[in-house]
Amino acid sequence: MLLAIAGFEVRQRLHRVSTYVYFGVFFVLAAFFILAAGGAIPNATVDFGTGGKVDINSPWSLASLMTLIASFTVVINAAIAGRATHQDVDANTTPLLFTRPITRAQYLGGRFLGALGVLLVLSLAIGLGAFLATKLPWMPAARVGPQRLGAYVVPYLLVVLPDLLLMASVFFALAVLTRRMLPVYVGAVVALLGYFIGINLTGDVERRTLAALVDPFGLLAIDSVTHYWSIAEKNTRLLGLEGDFLWNRVLWTGIAVALFAFTYRRFSFSVAGGAATQRAAPEALDEDRARVTVPHAHLDFSSRASRGVFGALVRLQLRETVKSVFFGVIVLAGVLFIASTAPAIGTLYGTPTYPVTRQVITVVAGSFAMFILIVLTLYAGELVWRERDAGMAQIYDALPTPRWAVVAAKLTALLGIVALLLAVVVVSGVVIQAAKGFFHFELGLYLRSLYGISFVLFACLCSLAVLVHVLIDQKYVGYFAMVVFLAISLLMPVLGVEHHLLRYASVPAHPYSDMNGYGHYVAPLVWFELYWVAIAVALAVVASLFWVRGTPQTFRERWREARARLDRRSGALLGVALAVAAATGAFIFWNTNVLNPYRTRFSREEAQAQYEKRYKQRLGALAQPKVTAVKTRVDIFPGERRVELDGVDTLVNRTAQPIDQIVVRISPRATVRGMTFPGGQETLVSDGETGVHAFRLRQPLAPGASTELAFRVSYLNPGFENEGSDTRIVENGTFIDGEYLPGLGYFVQKELVDDEVRRKHGLGPRERALDLDDPAAPAFNYITHDADRIRFEATVSTSADQRVVAPGTLEREWTEGGRRYFHFVEERPIFHYLAFLSARYVVEHDRWNDVALEIAHHPDHTYDLASMRRGMKDSLDYFTRAFGPYQHPVLRIVEFPGYATFAESFSSTIPFSEAIGFIAEVEKGRPDAIDYPLYVTAHEVGHHWWGHQVLSADSQGMTALVETLAQYSALMVMKHAYGPQVMRRFLRYELDRYLSGRSAEKKKELPLLRVEDQGYIHYSKGSLVMYGLQDLIGEDAVNQALREVVQEYGDKGPPYPTSRVLLAALRRHTPERFQYYLTDQFEQITLYENRVVSAKASRRPDGKYDVTLELETHKHQADALGVENEVPLHDWLPVGVLDAKGDALVLEPRKFEGPRTTLTFVTDRVPARAGVDPLNELVDRIPEDNLMPVTVAR
Amino acid sequence: MNLVIENLSKRYPNGVQALRDVTLTVGPGMFGLLGPNGAGKSTLMRTLATLQDPDTGSVRLGDIDLLRDKHAVRKLLGYLPQEFGVYPKVKAVDLLDHLGRLKGLADRALRKETVEALLHRTNLWDARNRALGTFSGGMKQRFGIAQALIGDPRLLIVDEPTAGLDPEERVRFHDLLSEISESVIVLLSTHIVSDVSDLCSRMAIMHQGELRLVQQPAEAVAGLRGRLWERTVEKSEVAKLSESLSLVSTRLVAGRTRVRVLADAAPAPGFVPADPELEDVYFAVRRGADLRSRAA
């Protein structure tokens, strides 16, 4: 009987077209994702951390992909599992079924199994789609590994089936117990909520376990377990039930079963048979009845009355929506979700930023946007179908309510709902800010951003949603259509459609900066919004024309009716709307495609590819003179976003041959007015697309001789662009660098780096750097080949209310012709690495010895100035003592808008993004709070030694000398300022970054000595390596080695040092017994697996404690793809015993031979935790098991 | 003002011919449209209520072309559909007020007075603040007529109003309908014969999309006088009888089968004259009998 019911259900479903449509959707989705991730689709890249070396059909890839798509099936799951029982309620067959001799178990079980069976069959489409996609000819063969059945089957067993089971149970329960479909859809929303909460929590390494458990789909649990898998493991290892993943599956499967049991117990045939109607007491005859007369009607159909009708309709629709319980549930879910995002707003290294309004808006509105979309889609359907669902349609349709009033009222009610939800966002944002003690609310920004932008775009979507439901005269198909539409519009940029004129309700990205506000994004926003609103109005008119009134008709009949309904007023409105849309569209197109070049991601990459294709061969090895001096005039017009350059570069021929061809490269955004040499030149190439201008000199430049390049260049930004506008030249916060100035020769750095991207543009793979021992390398530094050190002088002007900052000493400042002028001169030769900044700054002055300190910042951003000042002073203190004198008379930090989030060190000038240092909230009272403004400041100051005094050659390992040492310098400053507690927490983050980074490596991992500009190695691994080293051999020894490097290579020209110089210096100061450490950490990729097995202590009669530790240690070495071998361990590893506060009672290196070691210590006070490598200085994939609580025997 | 229907035809996409060349003129007063389920009554009602378009034909309400100028008709229309729902959580008085607003009663005071009066008339005054979801079937129907009556309609279309009501409720409902002004064109569509015989001064019988008879009920009944014969028989005999005689109806009376036959004289021994009722007219029409009276 149970099977009969289940079978009936399945057969029913197979008769319906929708089932096959769903199957097709899953199939296509899976295939599409596989193709996109494999790079088979030219404009589309989808990357879920697979990088370039992980096979697209590897167990790990397939598990991730299938889990992701399974989560998309929530909506369809809701429909099928919910309808399983709701169809009986809906069609009113319950009186027929429930009077049959079937048991509860048979009915519920049969229906559930039937739904589950259908879902299983549908889910097969995912695996099939993935498999077939890997067989398609467009898949690059390199990305497809050996096909393993297990790789397809295991994710089904462990992920897809439990997910389906869970979701089906939830929706089934909701449908059975509430006998309505709306709660089922709300349930789907809440399920997605769990997922998004998890995503937010997982950003922070400290909360990953919680995130893994909260996610009902298991995607985050998988991530938690495989996060650190190397590339080789991802390609071969099958997902197993372990760790967080196991608990996640157990938890959610348990919930599914419990839910089904609950449903079973609560369900009853008799209750479900129909609601009892209340019979009132026998009605007495109304005595007044005979006397009462109905007054004569006075009907008013004037426009005023119609407006009143409109208002009444809007109020009714709004009230009915907002009063509903399920609306409240959705809003509550959204608010909970916002609450879950609140702690993580802008955290870096676990330290939060002040919740400035723009960040709160980004996070809160971003997370809530999904809910608004869901509500909008759901309620558009509910509103359009409300009368028909209630059975009141015939009454309503026969009333003389004007059609425009009906349609407009529904649309207005929908807009009202959206406005209400946005108000929830505002309130939530303000509450979050207040809860964190931050009261600079900027309500105007809330209103502008949420109502001036978001609301307008949502309104356009509302109009579309209503039209879809009107045209598609079936409620569920209408929903499906909207979901498909939303999915497509999300995917459009991935598919290569990037122009916002073609993407409904889409506007160009408009990042907000506290410094620059919306800046030059206001213009495109206004015009695009006008365009889309006009279109939305036209759509609304069409919806009104096609509005269903009366009994359903064929589409031809409806078309005729619509044409008949087109009267003068609606025709005029439609005409005006379309005219406005056309006019604004044309104006926009003129701006985005005619006045400015239209840039897509692909076109930008293509320009880089063309640079390489056209010039590498011809010009790559061409000998060029060196730039020895730059003297330029820069005129900045912030209001117009225009910059004029007029300067002279002095060039010297340092080769042994005469040079007659000179190649100049400048930013493709430049408008070159003139480039001339004394004695004249012939122009060989003038390529605006790639910025290459090549000349043949009339008089060749003899060896040792010098000449001058006179250049006049303008940067113009007329009108507005679709995407990719120049964020360096803005109204407040201009920051132009060497990209905007001419450079000589062929720049390898400007080539495309990523092998996948290169392949798409028809280029082969490329080596990231010259081999470490290539003899040609030391001739060039890695910043630029066209100069060693130069003399620099500049006169920069800007508008009267702004200041300019540039490298060098500010010799003179004056006002002329309503503009301000600044004259900078650099007294010592510096590298060809220049920048000019202009904004309305407030400047703080300070001193350190005879160095003038300045911080130029946005007036409101005063939160972290103390940290920065301390960072500057502590750094100068420490570095001067440790490495040598600071070479400039001034040191400046300059704030620039948060369009990019980095800090960079030019000579004496450190631009610092507003997003990473000026709004950090260093938590007072938390002993391990990481003061990252101080850390970043110290790192940048450190670059004045590592990068400006000593600069490495352009080969492998280049960044080890520069970035790793800057990191080390910053770590030392932090250590002395804050102590080892902070270091422990910081190093944990660095370890996490290293391990994640190597897991996502696209080419190959390399040892530190040979690092090829890989951030996760030179920053994160470098931190661990250097900090560990100074713990082993002592800070002073390391510093001495570094001082020697500065003394030998500082301020010198070629030959430039490589990382071998650093290693040699360190070796000179490292005792014999620790030399292995340098080999392991610099020349190999070494990982440990250390853990403490047991930690016991006993109290001695003299009050001290005997501590015994049992430790297990293993050492592995890995190759470029992460294939590991265990190697024998004869190393000195730090061992520590900590007290309850976390202070070290014992912290010293001990020698380990082999895997098992027992150590004993004596401590003065009670030990709380102990273990090996307590500060996580060594790379260890499971750092949590290094320490354990000590069991103290009485 | 008259309602003039000419040559109305409608065929549904699934092939069913719901209306076949229907022509009818209805003046003020109660007009009953009688017919079995599937006869086309509801299609006709919906068309007249401006909810559906016919394939061919025309309808005029006074000067107004009903098919073209639906909005004008809706101003004069009151419609009680065959099946309708209500918002279960809304109070009766609130929904009635809202519907009155939508009907065009813009003035708040006048509307309030109208709503209250209608609630009294339909005996729903005591229940006015209760949620509509708690109403019994009869109360819901009365609410339906109340909303149809708002705004002094000139054309009132009532579709199967008493189906599903218990006898007491039916009586109440009949009372309500009978009080409607005689200057209003009331079209009452039903398959319950006594609705027409109790209330309507004129009627038409509809069968398979066609109008079979348009006459005053009393005349139609009179036309059968003298031509209707009845006899009580065993069930097993019915089949044989139906072969030779034109049976009008077979029904059970106190457990025994009584047949009625249309004939000019006693058709067989044992048949006695029967006193015709409207029901017999109905059954006769359904069986296609020719009811033209021999008398002038």
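Trainee: How much area do chain A and chain B bury between them?
Mentor: Bear in mind that this is a predicted model, in which local features need pLDDT of at least 70, side-chain atom pairs count only at pLDDT 80 or more, and totals for chains, interfaces and linings use all residues. Side-chain values use heavy atoms, with hydrogens and water left out, while residues are numbered from 1 along each chain as its sequence is written, and chains are lettered from A and ligands numbered from 1 in the order in which they are written. Buried area is the accessible area (1.4 Å probe) that two parts lose on being put together, summed over both. For chain A and chain B, 58% of the buried area is on carbon and sulfur atoms, and the total is about 4400 Å².

Trainee: How many residues of chain B are in contact with chain A?
Mentor: Contact here means heavy atoms within 4.5 Å. On the chain A side 49 residues take part, and on the chain B side the number is 50.

Trainee: Which side chains meet in a salt bridge with an N to O distance of 3.9 Å?
Mentor: The rule wants a side-chain nitrogen of Lys or Arg within 4 Å of a carboxyl oxygen of Asp or Glu. Across the interface of chain A and chain B it finds 1 salt bridge. The partners at 3.9 Å are A:E557 and B:K10.

Trainee: And which helix of chain A gives the most to the side that touches chain B?
Mentor: Helices (H or I, at least four residues) and strands (E, at least two) are DSSP runs, numbered from the N terminus. The elements giving two or more residues to that side are helix 14 (303-323), helix 16 (357-390), helix 17 (393-397) and helix 22 (555-565) of chain A. With 8 residues, the top contributor is helix 14 of chain A.

Trainee: What is the strand order of the open sheet in chain A?
Mentor: Two strands pair if DSSP finds at least two bridges between them. This sheet has 4 strands with mixed pairing, in the order 15-16-17-18.

Trainee: Which are the edge strands of that sheet in chain A?
Mentor: An edge strand pairs on one side only. Here that goes for strand 15 (842-848) and strand 18 (909-913) of chain A.

Trainee: Do strand 17 and strand 18 of chain A run parallel or antiparallel?
Mentor: Strand 17 covers residues 890-896, and A:V894 in it stands opposite A:P911 in strand 18 of chain A. The two strands are joined by 5 bridges, and they run parallel.

Trainee: What angle does helix 26 of chain A make with strand 16 of chain A?
Mentor: Angles run from 0 to 180 degrees between N-to-C directions, with axes as lines fitted to C-alpha atoms, for helices over the stretch in contact. Helix 26 (residues 865-882) packs on the sheet and touches strand 15, strand 16 (851-857), strand 17 and strand 18 of chain A. Its direction and that of strand 16 make about 150°.

Trainee: Which residue in the hairpin turn between strand 15 and strand 16 of chain A has a positive phi?
Mentor: These strands pair in the antiparallel sense over 7 bridges, with A:E854 as the bridge partner of A:H845. There are 2 residues between the strands of the hairpin, and the one with a positive phi of about 50° is A:N849.

Trainee: What is the omega of the peptide bond from A:P1054 to A:P1055?
Mentor: A:P1055 sits in the loop between helix 32 (1035-1049) and helix 33 (1059-1068) of chain A. That loop also holds A:D1051, which has a positive phi of about 65° although it is not a glycine. The peptide bond you ask about is cis, with omega near 5°.

Trainee: What is the order of the strands in the open sheet of chain B?
Mentor: Strand 1 (residues 3-11) and strand 4 (residues 56-61) of chain B are joined by 5 bridges and run antiparallel. Helix 1 (residues 41-48) of chain B lies across strand 1, strand 2 and strand 4, at about 120° to strand 1. The sheet's 4 strands have antiparallel pairing, in the order 2-1-4-5.
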